[in-house]
Amino acid sequence: MTSGTLSPGRARITARTLRTDKYWISPLLTVIGITAWITYATVRVFQQNYYWAAQGGDEAIRYLTPFYSPCISNGCIEGAAEWGTFLPDLWFIPYAALTLPFLFLFRFTCYYYRKAYYRSFWQSPTACAVNEPHKKYSGESRFPLLGQNSHRYFFYIAALISIINTIDAFHSFQSEDGSWGVGVGSIVLTANVILLWAYTASCHSCRHIMGGRLTNFSKHPLRYKGWTFVSKLNGKHQELAWTTLASLVVADFYVMAVAAGWITDFNTF
Amino acid sequence: MGYKAKFRVYRGDGEQGGLENYEVDVNEGEVVLDIIHRLQATQTPDLAVRWNCKAGKCGSCSAEVNGKPRLLCMTRMSTFDENETITVTPMRAFPVIRDLVTNVSFNYTKARQIPAFAPPTDIKAGDYRMQQIDVERSQEFRKCIECFLCQDTCHVVRDHEENKESFAGPRFFIRAAELDMHPLDARTDRKSFAKAEQGLGMCNITKCCTDVCPEHIKITDNAIIPMKERVVDTKYDPVVFIGKILRRKPRETGKI
Ligand code: SF4
Ligand code: SF4
Ligand code: FES
Ligand code: FES
């Protein structure tokens, strides 16, 4: 081999790495975590059932899972479809087919997830100072990875979708007849929405738009404040990326469990 | 609490060489560089190692300890097990001169390519003023001691010698960011330079540079990603693009 770390002139060491720690654990956990999540999400999204928890004959509670929001398929249960239905009810079209692709692309182009899947799935690099298996490398400078530069647009769209999720959480405190109350489900959905907002606001593109692109902070005191706040959140972006994956599953599973009648929601309605 | 440590050290140059085993005395409170010096003093008087300050501030003693890019003078012996074999090699992304000493001139070539700081022409020297909050982002990058550990660990060049031509590396992305964010730098082409000449797009933000930086500079989060976002502003943002056409301004944004 005469390339990579064995290129002419470099130390004549053939080992792929001389690291002695368990550097492969973190990429392995990433692969397991992301694969498990995608499997769960795929099953749920195509299940087209148990997405709307309406308990009691008079539909006292109204919980809609984030995986089906907004529910815009002709197959959607009436109460769940708040934004009208216009998509044909076919098995291969998720009920929230309008938003899910954008949410997927938002996370797919996220700077943190990029790091996570480049390192684990793509092994580029497997870990720091561990030779990568690829012969050629051009990074994000060419098609298709050049497309990662569109992250900012998915950020805008994701922020709009977070508003819809917020409205869902808000409705979980109100029964069909308009009376207010609170249930375990309302708390679960609200916690999830707060985390989703934190994740979205901690986005690197958000940090840039907020103030990162400025040169003179002193001329833009409000944006400087905003940038400082987003920068703080941004420091936790990786943690929020994983926490929101978990909170989405918890929120969805809870709604499914109530909708399927496996558990009863405790509430004040 | 002295003990004898097992060391494996690279001996040789870029033509031939290999790892050789030694047993060396270790005293409490020592760092890897002390052990290398003891090796020189007692067993291998011709062992080559580059160092200067022994305080983590000159950036000379960069090497790899147990496969990780590190400063020899800042790697404490107490972080290792007494019976573990400690491997010390030169940085593996650069050509070796001898033993632990590498030729890091790649980095100086890249440094020279960056256009220097350009003060505004409409302000007289002596009249330059700037606010602390405007310059603090650039100041983080001034902490750099030019140890080039980030350059060594970056897989773009470490694993692909051919990319050295087109890729400047993390140390010079922080230089680009430092100047682009500087309130008194008058150049407006730093973003296009980073993209076209420095190969910013080749970085896949996998953060190894940040992981190894002994100055704890947040290279990826505070320099590379903000620079990528700035490039998006000028190159890929259709909203900005349409706005520019309507206002008939050049695509490269100036300082705001
Ligand atoms: S984040 Fe980019 S510059 Fe830093 S080591 Fe990784 S690829 Fe290289
Ligand atoms: S950025 Fe950090 S790792 Fe890179 S040369 Fe400077 S001090 Fe060393
Ligand atoms: S959402 Fe992760 S960087 Fe934008
Ligand atoms: S000898 Fe100066 S940094 Fe180690």
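Residues are numbered from 1 along each chain as its sequence is written, and chains are lettered from A and ligands numbered from 1 in the order in which they are written. Because the model is predicted, local features need pLDDT of at least 70 and side-chain atom pairs count only at pLDDT 80 or more, while totals for chains, interfaces and linings use all residues; side-chain values use heavy atoms, with hydrogens and water left out.

Chain A contains 8 helices and 2 strands, where helices (H or I, at least four residues) and strands (E, at least two) are DSSP runs numbered from the N terminus. Along the sequence these elements follow the pattern α-β-β-α-α-α-α-α-α-α. Taken along the principal axes, the C-alpha atoms of chain A fill a box of roughly 80 × 50 × 35 Å. Of the 269 residues in chain A, 50% are buried, a class defined by a relative accessible area under 20%, with exposed meaning over 50% and partly exposed in between (1.4 Å probe, protein chains only). Among contacts (heavy atoms within 4.5 Å) in chain A with a separation of 6 or more, 68% join residues 24 or more positions apart.

Chain B is assigned domain 1 (3-102) and domain 2 (105-246), with bounds that come from an automatic or database domain assignment. The C-alpha centres of these two domains of chain B are 31 Å apart.

With residues up to four places away in sequence not counted, Ile36(B) touches Val9(B), Leu47(B), Val49(B), Val88(B) and Leu100(B).

Tyr3(B) belongs to strand β1 (residues 3-12) of chain B and is buried, with a relative accessible area of 15%. A distance of 59 Å separates the C-alpha atoms of Tyr3(B) and Lys235(B), which are 232 residues apart along the chain.

Arg190(B) is part of helix α7 (residues 190-196) of chain B. This arginine is buried, at a relative accessible area of 4%. Its side chain reaches the backbone oxygen of Pro115(B) at 2.8 Å. Not counting residues up to four places away in sequence, the residues touched by Arg190(B) include Ile114(B), Pro115(B), Phe117(B), Asp180(B), Asp185(B) and Met227(B).

Around ligand 1 there are 13 residues, of which Cys154(B), Cys203(B), Thr206(B), Lys207(B) and Cys209(B) come nearest; a residue is near a molecule if one of its heavy atoms lies within 4 Å of it. At least two residues of this shell are supplied by each of α5 (155-158), α8 (208-212) and α9 (219-236) of chain B. By class, the shell has 8 nonpolar, 4 polar and 1 charged residues, where Ala, Val, Leu, Ile, Met, Phe, Trp, Tyr, Cys and Pro count as nonpolar, Asp, Glu, Lys and Arg as charged, and the others, Gly among them, as polar.

Most residues other than glycine have a negative phi, and most peptide bonds are trans. Ile205(B), in the loop between α7 and α8 of chain B, has a positive phi near 45 degrees and is buried at 1% relative accessibility. Phe148(B) also has a positive phi, near 65 degrees; this residue lies in the loop between α3 (132-142) and α4 (149-153) of chain B and is buried, with a relative accessible area of 2%. In chain A, the peptide bond from Ser69(A) to Pro70(A) is cis, with omega near -5 degrees, and Pro70(A) lies in the loop between β2 (63-64) and α2 (100-108). The bond from Phe143(A) to Pro144(A) is likewise cis, with omega near 0 degrees, and Pro144(A) is placed in the loop between α3 (111-119) and α4 (151-171) of chain A.

Notes
A polar contact is a pair of N or O atoms within 3.5 Å; within protein, one must be able to donate a hydrogen and the other to accept it, and residues adjacent in sequence count only if both atoms are side-chain atoms.
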